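Notebook open, model loaded. I'll jot down what I look up as I go.

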Amino acid sequence: MIEICDVTKRYGSVQALSGVSLHAKKGDVLGLLGQNGAGKTTLLNILTGYLAPTSGSARIGGHDSLLNPQEAKRRLGYLPEHPPLYDEMTVREYLSFSSELKGVQRRAIPAHIDEVMELTGLTEMRHRLLSHLSKGYRQRAGFAQAICGNPDVLVLDEPTVGLDPKQITEIRQLIRSLSKGRTIVFSSHILSEVQQLCNHVVILHHGMVKLDQPMAELSQSGQVTLRLRAAAAPNGLVSKLRQLDGVKALELQSDTPEGQTEALITFHDTAEPERRLFALMSSLGTPILHLSRQGDSLEQIFLRAISGD
(Lines give C-alpha, C1' and ligand atoms only; values in the text may rest on other atoms or scores of the structure.)
Protein backbone atom coordinates (compact mmCIF):
# COMPACT_ATOMS: atom_id res chain seq x y z
CA MET A 1 0.00 0.00 0.00
CA ILE A 2 2.87 2.42 0.76
CA GLU A 3 6.12 2.60 -1.19
CA ILE A 4 8.71 5.26 -0.43
CA CYS A 5 11.68 4.87 -2.75
CA ASP A 6 15.03 6.64 -2.31
CA VAL A 7 13.46 9.92 -1.14
CA THR A 8 15.76 12.90 -0.60
CA LYS A 9 14.68 16.35 0.56
CA ARG A 10 16.83 19.47 0.73
CA TYR A 11 16.00 22.91 2.10
CA GLY A 12 18.75 25.01 0.59
CA SER A 13 21.98 23.73 2.09
CA VAL A 14 20.15 21.60 4.68
CA GLN A 15 19.47 17.97 3.77
CA ALA A 16 16.43 16.84 5.74
CA LEU A 17 16.14 13.37 4.17
CA SER A 18 18.77 11.26 2.44
CA GLY A 19 17.85 8.20 0.38
CA VAL A 20 14.91 7.09 2.53
CA SER A 21 13.10 3.94 1.39
CA LEU A 22 10.38 2.01 3.23
CA HIS A 23 7.37 -0.14 2.47
CA ALA A 24 4.17 -1.02 4.33
CA LYS A 25 1.46 -3.44 3.27
CA LYS A 26 -2.22 -3.75 4.14
CA GLY A 27 -2.68 -4.51 7.84
CA ASP A 28 0.69 -3.05 8.86
CA VAL A 29 0.93 -0.53 11.69
CA LEU A 30 4.29 1.13 11.13
CA GLY A 31 5.84 3.25 13.86
CA LEU A 32 8.15 6.03 12.72
CA LEU A 33 10.68 6.98 15.40
CA GLY A 34 13.37 9.60 15.60
CA GLN A 35 14.67 12.52 17.60
CA ASN A 36 13.43 16.05 16.94
CA GLY A 37 14.80 17.08 13.55
CA ALA A 38 15.30 13.50 12.37
CA GLY A 39 13.02 14.08 9.35
CA LYS A 40 9.82 12.31 10.46
CA THR A 41 7.37 15.13 9.71
CA THR A 42 9.13 15.96 6.44
CA LEU A 43 8.75 12.34 5.34
CA LEU A 44 5.06 12.26 6.29
CA ASN A 45 4.47 15.54 4.44
CA ILE A 46 6.05 14.04 1.31
CA LEU A 47 3.99 10.87 1.64
CA THR A 48 0.77 12.88 1.91
CA GLY A 49 1.67 15.12 -1.03
CA TYR A 50 2.04 18.27 1.04
CA LEU A 51 5.73 18.56 0.08
CA ALA A 52 7.57 17.50 -3.07
CA PRO A 53 10.74 15.46 -2.63
CA THR A 54 13.98 16.76 -4.11
CA SER A 55 14.38 13.28 -5.60
CA GLY A 56 12.76 9.88 -5.22
CA SER A 57 9.07 8.99 -5.04
CA ALA A 58 6.26 8.19 -2.61
CA ARG A 59 3.37 5.97 -3.72
CA ILE A 60 0.07 5.11 -2.07
CA GLY A 61 -1.75 2.14 -3.56
CA GLY A 62 0.51 2.36 -6.60
CA HIS A 63 -0.21 6.07 -7.21
CA ASP A 64 2.56 8.66 -6.95
CA SER A 65 1.57 11.30 -4.37
CA LEU A 66 3.18 14.05 -6.50
CA LEU A 67 2.44 12.96 -10.08
CA ASN A 68 -1.04 11.53 -9.44
CA PRO A 69 -2.14 13.32 -6.26
CA GLN A 70 -5.89 12.93 -6.70
CA GLU A 71 -5.77 9.13 -6.87
CA ALA A 72 -3.17 8.92 -4.09
CA LYS A 73 -5.13 11.17 -1.73
CA ARG A 74 -8.35 9.30 -2.43
CA ARG A 75 -6.76 6.37 -0.58
CA LEU A 76 -5.30 8.46 2.23
CA GLY A 77 -6.44 9.84 5.57
CA TYR A 78 -4.11 12.28 7.34
CA LEU A 79 -4.04 13.51 10.92
CA PRO A 80 -1.31 16.12 11.39
CA GLU A 81 0.07 16.92 14.84
CA HIS A 82 -2.37 19.84 15.12
CA PRO A 83 -5.76 18.77 13.66
CA PRO A 84 -7.11 21.13 10.98
CA LEU A 85 -10.42 22.05 12.64
CA TYR A 86 -12.83 24.86 11.70
CA ASP A 87 -13.93 26.09 15.12
CA GLU A 88 -17.11 27.77 13.89
CA MET A 89 -18.49 24.43 12.62
CA THR A 90 -20.26 21.74 14.61
CA VAL A 91 -18.79 18.25 14.59
CA ARG A 92 -21.44 17.05 12.16
CA GLU A 93 -20.96 20.01 9.80
CA TYR A 94 -17.20 19.52 9.82
CA LEU A 95 -17.42 15.80 9.01
CA SER A 96 -20.00 16.46 6.31
CA PHE A 97 -17.63 19.02 4.76
CA SER A 98 -14.68 16.59 5.04
CA SER A 99 -16.69 13.76 3.45
CA GLU A 100 -17.69 15.98 0.54
CA LEU A 101 -14.06 16.98 -0.02
CA LYS A 102 -13.08 13.30 -0.09
CA GLY A 103 -15.60 12.45 -2.78
CA VAL A 104 -18.26 10.65 -0.76
CA GLN A 105 -21.53 10.72 -2.73
CA ARG A 106 -23.79 13.45 -1.36
CA ARG A 107 -26.73 11.15 -0.65
CA ALA A 108 -24.44 8.76 1.26
CA ILE A 109 -22.86 11.41 3.49
CA PRO A 110 -25.39 11.42 6.39
CA ALA A 111 -25.15 7.67 6.96
CA HIS A 112 -21.38 7.73 6.44
CA ILE A 113 -20.71 10.39 9.06
CA ASP A 114 -23.06 8.65 11.51
CA GLU A 115 -20.82 5.58 11.13
CA VAL A 116 -17.63 7.66 11.52
CA MET A 117 -18.93 9.39 14.67
CA GLU A 118 -19.93 6.06 16.19
CA LEU A 119 -16.49 4.62 15.48
CA THR A 120 -14.65 7.60 16.98
CA GLY A 121 -16.97 8.16 19.96
CA LEU A 122 -18.28 11.52 18.76
CA THR A 123 -22.00 10.77 18.43
CA GLU A 124 -22.95 12.66 21.61
CA MET A 125 -20.87 15.65 20.43
CA ARG A 126 -22.35 15.83 16.93
CA HIS A 127 -24.11 19.21 17.45
CA ARG A 128 -21.33 20.81 19.52
CA LEU A 129 -19.10 23.51 18.06
CA LEU A 130 -15.53 22.35 17.52
CA SER A 131 -14.33 25.37 19.49
CA HIS A 132 -16.16 24.00 22.55
CA LEU A 133 -14.54 20.55 22.48
CA SER A 134 -11.90 19.38 24.94
CA LYS A 135 -8.42 18.50 23.70
CA GLY A 136 -9.29 14.79 23.63
CA TYR A 137 -12.47 15.30 21.61
CA ARG A 138 -10.69 17.68 19.22
CA GLN A 139 -8.19 14.87 18.58
CA ARG A 140 -11.09 12.49 17.99
CA ALA A 141 -12.57 14.97 15.51
CA GLY A 142 -9.21 15.01 13.71
CA PHE A 143 -9.29 11.21 13.56
CA ALA A 144 -12.85 11.32 12.28
CA GLN A 145 -11.98 13.59 9.35
CA ALA A 146 -9.00 11.34 8.56
CA ILE A 147 -11.24 8.28 8.13
CA CYS A 148 -13.98 10.04 6.18
CA GLY A 149 -14.18 8.31 2.81
CA ASN A 150 -12.90 5.01 4.28
CA PRO A 151 -9.26 5.45 3.16
CA ASP A 152 -6.98 2.42 2.89
CA VAL A 153 -4.05 4.30 4.47
CA LEU A 154 -3.93 6.44 7.62
CA VAL A 155 -0.99 8.73 8.35
CA LEU A 156 -0.86 10.02 11.93
CA ASP A 157 1.68 12.56 13.17
CA GLU A 158 2.08 12.45 16.98
CA PRO A 159 -1.57 11.39 17.50
CA THR A 160 -1.46 11.44 21.33
CA VAL A 161 0.66 14.55 21.94
CA GLY A 162 -0.71 16.79 24.69
CA LEU A 163 -3.38 14.34 25.87
CA ASP A 164 -3.94 13.16 29.44
CA PRO A 165 -3.46 9.46 30.32
CA LYS A 166 -7.15 8.59 29.92
CA GLN A 167 -7.33 10.29 26.53
CA ILE A 168 -4.10 8.57 25.42
CA THR A 169 -5.59 5.18 26.31
CA GLU A 170 -8.76 5.97 24.35
CA ILE A 171 -6.84 7.14 21.28
CA ARG A 172 -4.64 4.01 21.36
CA GLN A 173 -7.77 1.84 21.46
CA LEU A 174 -9.10 3.81 18.51
CA ILE A 175 -5.88 3.21 16.53
CA ARG A 176 -6.15 -0.53 17.22
CA SER A 177 -9.73 -0.60 15.95
CA LEU A 178 -8.83 1.40 12.84
CA SER A 179 -5.89 -0.84 11.94
CA LYS A 180 -8.11 -3.71 10.82
CA GLY A 181 -7.96 -3.84 7.04
CA ARG A 182 -5.91 -0.64 6.74
CA THR A 183 -2.29 0.45 6.63
CA ILE A 184 -1.33 2.89 9.38
CA VAL A 185 1.86 4.94 9.62
CA PHE A 186 2.38 7.13 12.65
CA SER A 187 5.21 9.02 14.25
CA SER A 188 5.60 9.19 18.00
CA HIS A 189 8.14 10.08 20.67
CA ILE A 190 6.49 7.60 23.06
CA LEU A 191 8.42 4.37 22.61
CA SER A 192 6.02 2.32 24.74
CA GLU A 193 3.18 3.45 22.47
CA VAL A 194 4.98 2.19 19.38
CA GLN A 195 5.82 -1.08 21.13
CA GLN A 196 2.15 -1.61 22.04
CA LEU A 197 0.56 -0.68 18.72
CA CYS A 198 2.99 -1.43 15.90
CA ASN A 199 4.06 -4.57 14.07
CA HIS A 200 6.86 -2.75 12.25
CA VAL A 201 9.24 0.03 13.26
CA VAL A 202 11.42 2.46 11.30
CA ILE A 203 14.01 4.64 13.03
CA LEU A 204 15.20 7.84 11.33
CA HIS A 205 18.36 9.66 12.38
CA HIS A 206 19.72 12.75 10.62
CA GLY A 207 17.36 12.07 7.72
CA MET A 208 18.49 8.47 7.14
CA VAL A 209 16.90 5.12 7.95
CA LYS A 210 18.90 3.50 10.73
CA LEU A 211 16.54 0.58 11.34
CA ASP A 212 13.63 -0.93 9.40
CA GLN A 213 12.36 -4.18 10.91
CA PRO A 214 9.25 -6.06 11.98
CA MET A 215 8.64 -5.62 15.70
CA ALA A 216 8.83 -9.38 16.24
CA GLU A 217 12.41 -9.45 14.93
CA LEU A 218 13.75 -6.62 17.06
CA SER A 219 16.45 -8.05 19.23
CA GLN A 220 20.14 -7.68 19.61
CA SER A 221 21.65 -10.23 17.26
CA GLY A 222 24.41 -12.53 18.37
CA GLN A 223 23.41 -12.92 22.01
CA VAL A 224 20.72 -14.19 24.39
CA THR A 225 19.87 -12.65 27.78
CA LEU A 226 18.35 -14.75 30.56
CA ARG A 227 16.79 -13.49 33.78
CA LEU A 228 17.56 -15.85 36.67
CA ARG A 229 16.32 -15.80 40.25
CA ALA A 230 17.81 -18.49 42.46
CA ALA A 231 17.41 -19.49 46.09
CA ALA A 232 21.02 -18.80 47.06
CA ALA A 233 23.08 -15.81 48.18
CA PRO A 234 25.31 -14.19 45.52
CA ASN A 235 28.54 -15.13 47.33
CA GLY A 236 30.02 -18.08 45.50
CA LEU A 237 27.10 -18.43 43.03
CA VAL A 238 28.05 -15.42 40.91
CA SER A 239 31.57 -16.68 40.24
CA LYS A 240 30.15 -20.05 39.12
CA LEU A 241 27.71 -18.32 36.78
CA ARG A 242 30.46 -16.22 35.21
CA GLN A 243 32.41 -19.42 34.43
CA LEU A 244 29.57 -20.93 32.39
CA ASP A 245 30.45 -21.56 28.76
CA GLY A 246 29.36 -18.69 26.51
CA VAL A 247 28.67 -16.08 29.24
CA LYS A 248 29.36 -12.58 27.92
CA ALA A 249 28.09 -10.44 30.81
CA LEU A 250 26.34 -10.75 34.16
CA GLU A 251 24.40 -7.99 35.90
CA LEU A 252 23.11 -8.44 39.45
CA GLN A 253 19.67 -6.95 40.14
CA SER A 254 19.16 -4.75 43.20
CA ASP A 255 16.42 -5.14 45.84
CA THR A 256 16.64 -8.93 45.81
CA PRO A 257 15.40 -10.64 49.01
CA GLU A 258 18.09 -11.86 51.37
CA GLY A 259 19.28 -15.35 50.55
CA GLN A 260 18.37 -15.01 46.87
CA THR A 261 20.24 -14.00 43.73
CA GLU A 262 18.62 -12.28 40.74
CA ALA A 263 20.74 -11.58 37.68
CA LEU A 264 20.61 -10.83 33.97
CA ILE A 265 23.04 -13.20 32.26
CA THR A 266 23.98 -12.46 28.65
CA PHE A 267 25.31 -15.32 26.52
CA HIS A 268 26.91 -15.28 23.13
CA ASP A 269 24.54 -16.74 20.56
CA THR A 270 24.92 -20.40 21.50
CA ALA A 271 22.29 -23.11 21.46
CA GLU A 272 20.05 -23.53 24.50
CA PRO A 273 21.88 -21.56 27.22
CA GLU A 274 18.98 -22.48 29.53
CA ARG A 275 20.06 -26.13 29.40
CA ARG A 276 23.61 -25.32 30.54
CA LEU A 277 22.35 -22.97 33.25
CA PHE A 278 19.91 -25.59 34.53
CA ALA A 279 22.68 -28.23 34.61
CA LEU A 280 24.90 -25.92 36.68
CA MET A 281 22.17 -25.10 39.19
CA SER A 282 21.29 -28.81 39.53
CA SER A 283 24.93 -29.70 40.22
CA LEU A 284 25.04 -27.01 42.93
CA GLY A 285 21.74 -28.14 44.43
CA THR A 286 20.39 -24.59 44.07
CA PRO A 287 16.64 -24.20 43.29
CA ILE A 288 15.70 -21.98 40.35
CA LEU A 289 12.83 -19.68 41.36
CA HIS A 290 12.49 -17.95 37.98
CA LEU A 291 14.12 -18.29 34.54
CA SER A 292 13.11 -16.45 31.39
CA ARG A 293 14.52 -14.95 28.22
CA GLN A 294 14.68 -11.17 28.03
CA GLY A 295 14.16 -9.23 24.80
CA ASP A 296 15.70 -5.83 24.24
CA SER A 297 13.45 -2.91 25.11
CA LEU A 298 12.58 -0.56 22.25
CA GLU A 299 14.44 2.16 24.14
CA GLN A 300 17.65 0.10 24.04
CA ILE A 301 17.14 -0.65 20.35
CA PHE A 302 16.47 3.02 19.57
CA LEU A 303 19.55 4.26 21.42
CA ARG A 304 21.71 1.61 19.79
CA ALA A 305 20.41 2.52 16.33
CA ILE A 306 21.04 6.25 16.61
CA SER A 307 24.44 5.75 18.23
CA GLY A 308 25.60 3.69 15.25
CA ASP A 309 26.51 0.64 17.37
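Is Asp 114 buried, partly exposed or exposed? I looked it up: Asp 114 has a relative accessibility of 37%, so I put it down as partly exposed. A reminder to myself that this is a predicted model.

**Entry: the Arg 92 pair**

I went to Asp 114 for its partner. Its side chain meets that of Arg 92 in a salt bridge, 2.8 Å from N to O. Arg 92 belongs to helix H3 (residues 91–101) and Asp 114 to helix H4 (residues 109–120), so the pair ties together parts 22 residues apart in sequence. Arg 92 is partly exposed too, at 23% relative accessible area. Side chains of opposite charge can pair when their charged atoms come close.

**Entry: other salt bridges**

I had the salt bridges counted, and the total is 12. Next I picked Arg 172 and Glu 193, whose side chains meet at 3.1 Å, N to O. This pair links distant parts of the chain, with Arg 172 in helix H6 and Glu 193 in helix H7 (residues 191–197), 21 residues apart. Buried or exposed? Arg 172 and Glu 193 are both buried. I also noted a network here: salt bridges with shared partners join Glu 71, Arg 74 and Arg 75. Within it, the side chains of Glu 71 and Arg 75 meet at 3.0 Å, N to O. Glu 71 is partly exposed, with 25% relative accessible area, and Arg 75 is partly exposed at 22%.

**Entry: strand S9**

How many of the six residues of S9 are buried? I checked residues 200–205 and found six of the six buried, so the strand is largely enclosed by the rest of the structure. In a regular strand the side chains alternate between the two faces of the sheet.

Strand S3 (residues 29–33) runs parallel to S9, and four bridges join the two. In that pairing I found Leu 30 opposite His 200. Strand S10 (residues 208–214) runs antiparallel to S9, with six bridges between them.

**Entry: Ser 179**

I moved on to the loop between helix H6 (165–178) and strand S8 (183–187), where Ser 179 is found. Its relative accessible area is 16%, and under 20% counts as buried, so Ser 179 is buried. What does its side chain reach? A polar atom of the Ser 179 side chain lies 2.7 Å from the backbone oxygen of Arg 176. Leaving aside neighbours within four places in sequence, I get contacts from Ser 179 to Gly 27, Val 29 and Ile 184. Val 29 also falls in the residue range of S3, 29–33.

**Entry: Leu 130**

Another loop residue: Leu 130 has its place between H4 and helix H5 (135–147). Its relative accessibility is 0%, so I have it as buried. Which residues does Leu 130 contact, apart from neighbours within four places in sequence? I listed Leu 85, Tyr 86, Asp 87, Met 89, Thr 90, Val 91, Tyr 94, Arg 138 and Ala 141. I also took a distance to Lys 9, which is 121 residues away along the chain: the C-alpha atoms of Leu 130 and Lys 9 are separated by 35 Å.

**Entry: the whole chain**

Last, I zoomed out. I have 10 helices and 14 strands in the protein chain. The C-alpha trace spans about 75 × 45 × 30 Å along its principal axes. The radius of gyration is 25 Å, whereas a compact globule of 309 residues would have one near 19 Å. Buried residues account for 46% of the 309. I also looked at contacts between residues at least 6 apart in sequence, and 66% of them join residues at least 24 apart. The chain exposes about 15,400 Å², with carbon and sulfur atoms supplying 49% of that.

Notes: Residues are numbered from 1 along each chain as its sequence is written. This is a predicted model: local features need pLDDT of at least 70, side-chain atom pairs count only at pLDDT 80 or more; totals for chains, interfaces and linings use all residues. Side-chain values use heavy atoms; hydrogens and water are left out. Buried means under 20% relative accessible area, exposed over 50%, partly exposed in between (1.4 Å probe, protein chains only). Two strands pair if DSSP finds at least two bridges between them. A polar contact is a pair of N or O atoms within 3.5 Å; within protein, one must be able to donate a hydrogen and the other to accept it, and residues adjacent in sequence count only if both atoms are side-chain atoms. Contact means heavy atoms within 4.5 Å. The radius of gyration is taken over C-alpha atoms; the globule rule is 2.2 Å times the number of residues to the power 0.38. Accessible areas come from the Shrake-Rupley method with a 1.4 Å probe; for residues, only the protein chains shown count as cover. A salt bridge is a side-chain nitrogen of Lys or Arg within 4 Å of a carboxyl oxygen of Asp or Glu.
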